[in-house]
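User: I am new to this structure. Can you take me through some questions about it?

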Amino acid sequence: MRQMLAVLAALAVSVGCGNSAVGDNPASTANALAPAETAPAAETAPANATARVAGTSSAPAAPAYREVTIPAGTTLEMDLTSSVASDTSNVEDSVRATLRQPITVGGREILPAGTAVAGTVTGAERSGRVKGLARVAFRFTSLEHAGSRYDIQTQPITRQAAATKGKDATKIGIGAGAGAAIGALLGGGSGAAKGAAIGGAGGTGVVLATRGKEVQLGSGTNITTKLTAPLTVRVRT
């Protein structure tokens, strides 16, 4: 009996000590009973976020183009940027010009003023001493637009010198008149006739020794031609 009482007393003391320990450390008891806190999960970017960023920083799309046809018969008003002359140019020499007026189709500008046009000399003849007028001819065969070269077909451009028959007759007449005056002073009527003949011959000699007027077209000369075939070019939409 005594042994049973001793055991119960020991158990009572043990329970009292345990309760005191718990009361003295409430924080530890709370920590022990509270569920463990977990660190928040690292935020992750959506899988397609990188793709969207890459898309916004990519190079802009290339401009779209469409083809426009300039019809045959369209007038090309141009300014020469090289010189052409009957006495200095040769067949197949290059000729260059720029559009003085833009080319439009349906109210829209297709070829701007300043577009470079190129061609070649197709004929060049110097003026003759007695007959044969000076003449030069050329044709444009290509143009450049937006970094591309296009072959074109155009009407030929021809320039011919004006006839000098009136001036030649004047030269002969002046020579004959001067000869007649000198002949009259030296030998009367017969001398005047002989002098006129000699003077006229002299004037004719001057005409025979002198070439007629040449054709010379310098840089900046205004020229006009027309397309003889349609021209298709690429323009931005």
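User: Over how many bridges do β8 and β10 pair?
Analyst: This is a predicted model. β10 covers residues 157-160.

User: Which residue in β8 is the bridge partner of Val121?
Analyst: Start with the strands. β7 spans residues 116-125 and β8 spans residues 135-145. They run antiparallel, joined by eight bridges. Val121 has its partner in β8, and that partner is Phe138.

User: Which residue takes a positive phi in the hairpin of β8 and β9?
Analyst: β9, residues 148-151, runs antiparallel to β8, with four bridges between them. His145 has Ser148 as its bridge partner in β9. Two residues sit between the strands of this hairpin. The one with a positive phi, near 55°, is Ala146.

User: Is Glu214 buried or exposed?
Analyst: Glu214 lies in the loop between α4 (165-209) and β11 (216-217). Its relative accessible area is 15%. Buried means under 20%. Therefore Glu214 counts as buried.

User: Which side chain joins that of Glu214 in a polar contact of 2.6 Å?
Analyst: Leaving aside neighbours within four places in sequence, Glu214 is in contact with residues including Ser86, Asp87 and Ser127. With Ser127, the Glu214 side chain reaches the backbone nitrogen at 3.2 Å. The side-chain partner at 2.6 Å is Ser86.

User: What share of the protein chain's residues count as buried?
Analyst: The chain has four helices and 13 strands. It holds 237 residues. The buried share is 25%.

Terms used:
Residues are numbered from 1 along each chain as its sequence is written. This is a predicted model: local features need pLDDT of at least 70, side-chain atom pairs count only at pLDDT 80 or more; totals for chains, interfaces and linings use all residues. Side-chain values use heavy atoms; hydrogens and water are left out. Buried means under 20% relative accessible area, exposed over 50%, partly exposed in between (1.4 Å probe, protein chains only). A polar contact is a pair of N or O atoms within 3.5 Å; within protein, one must be able to donate a hydrogen and the other to accept it, and residues adjacent in sequence count only if both atoms are side-chain atoms. Contact means heavy atoms within 4.5 Å. Two strands pair if DSSP finds at least two bridges between them.
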